Amino acid sequence: MRSSIIIGQYVDKKSIFHRLDPRIKIISIFMLMLSFLLLDTATSYVIATFFVFTLLIVSKVPFVVILKGVKPLLFILSFTFVYHLLFTKGHVLWSMGIITFTIEGIEAGIRFVWRILLLVLLASLLTLTTKPLILAKGLEKLLKPLSKLRVPIEQFSLMIVIAIRFIPTVLEELNRIILAQKSRGFDIKSLPFMKRIFAYIPIVIPLLFTTIQRADQLSDAIDARGYGDGKNRTSYIELHYEKKDIIAMLVTVLFVFVLIFIKWSGI
């Protein structure tokens with residue numbers, strides 16, 4: 001299960017995307033995710049898809065890893081599509097009793113599923129190409145102005161990165177508990193759907209216990225290394241903007257303006 005979750009994983013490759021400043025990557029991906037809210041025409045969706053897949057190719061992240069990461073989203077994507085298919089009003093395409101499929105529902109379902117998929121790929125691209133500590137450093141630098149308001153940005157940045165990084169670890173622990181119960185003759189996948197939902201309750205309790213235990217061990221490890229509140233700590237790696245970072249930001253801004261133009265012109 002760990003290999004099927006791309007958010008929180010890091011893939012070590014020699015690509016220009018890996019060498020970009022983490023601050024540029026955070027700002028650029030945030031701008032791109034906001035710009036995807038403007039997607040409403042087929043042209044804008046095609047351009048956004050082409051841009052995202054170009055980023056994936058440039059990052060040199062294996063497509064096998066990406067495809068495995070999309071697999072756990074199939075339930076959410078299917079639910080989103082069915083929801084819009086059933087509850088969007090419009091021209092009736094097929095009807096049976098209270099169940100009605102509309103053309104507008106199909107179009108809305110495809111749009112929302114497409115958009116969610118692009119957003120997940122973008123968010124995953126940030127962690128796939130950035131080491132956790134470098135990501136924490138970049139986030140800390142971006143939030144530095146808030147320190148004047150006595151916001152503990154060092155602790156906040158570390159907390160966010162650790163939470164992202166431990167997503168695969170928690171899911172791996174969940175898989176281990178399921179396998180342990182399966183070895184004792186309790187196979188959840190063999191149960192009917194409704195019984196399967198309630199069968200997960202005994203699994204959640206040990207999962208919460210082990211997660212809290214891991215968090216306590218991590219807290220002790222951080223204290224043992226004298227991290228403290230993280231203020232005034234020096235860093236082996238210093239962040240500096242380079243020419244490639246400026247070019248990456250200009251490309252992002254240009255792409256956002258293209259989406260705005262498409263939205264305004266209705267192409």
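Axes are lines fitted to C-alpha atoms, for helices over the stretch in contact, and the angle between two of them runs from 0 to 180 degrees between N-to-C directions. The model shown here is predicted.

**View 1. Helices α5 and α6 pack against each other.** Helix α5 covers residues 74–87, and helix α6 covers residues 103–128. Their axes lie 7 Å apart, at an angle of about 155 degrees. Angles over 145 degrees count as roughly antiparallel, so α5 is roughly antiparallel to α6. The crossing of α5 past α6 is right-handed.

**View 2. Residues at the contact of α5 with α6.** From α5 come Leu77, Thr80, Phe81, His84 and Leu85. From α6 come Gly105, Ile106, Ala108, Gly109, Ile110, Phe112, Val113, Ile116 and Leu117. How do these residues divide into nonpolar, polar and charged? The contact has 10 nonpolar and 4 polar residues, and no charged ones.

**View 3. Helices α3 and α12 cross.** Helix α3 spans residues 42–59. Helix α12 spans residues 243–265. The two axes come within 10 Å and cross at roughly 165 degrees. That angle makes α3 roughly antiparallel to α12. Here the crossing is left-handed.

**View 4. Residues where α3 meets α12.** On the α3 side are Thr43, Ser44, Ile47, Ala48 and Phe51. They meet Val251, Phe255, Leu259 and Ile262 of α12. Which kinds of residue make up this contact of α3 with α12? There are 7 nonpolar residues and 2 polar ones, with no charged residues.

Definitions and conventions
Residues are numbered from 1 along each chain as its sequence is written. This is a predicted model: local features need pLDDT of at least 70, side-chain atom pairs count only at pLDDT 80 or more; totals for chains, interfaces and linings use all residues. Side-chain values use heavy atoms; hydrogens and water are left out. Helices (H or I, at least four residues) and strands (E, at least two) are DSSP runs, numbered from the N terminus. Angles under 35 degrees count as roughly parallel, over 145 as roughly antiparallel, 65 to 115 as roughly perpendicular and the rest as oblique. A crossing is left-handed if the near helix is turned anticlockwise from the far one by less than a right angle, and right-handed if clockwise. Contact means heavy atoms within 4.5 Å. Ala, Val, Leu, Ile, Met, Phe, Trp, Tyr, Cys and Pro count as nonpolar, Asp, Glu, Lys and Arg as charged, and the others, Gly among them, as polar.
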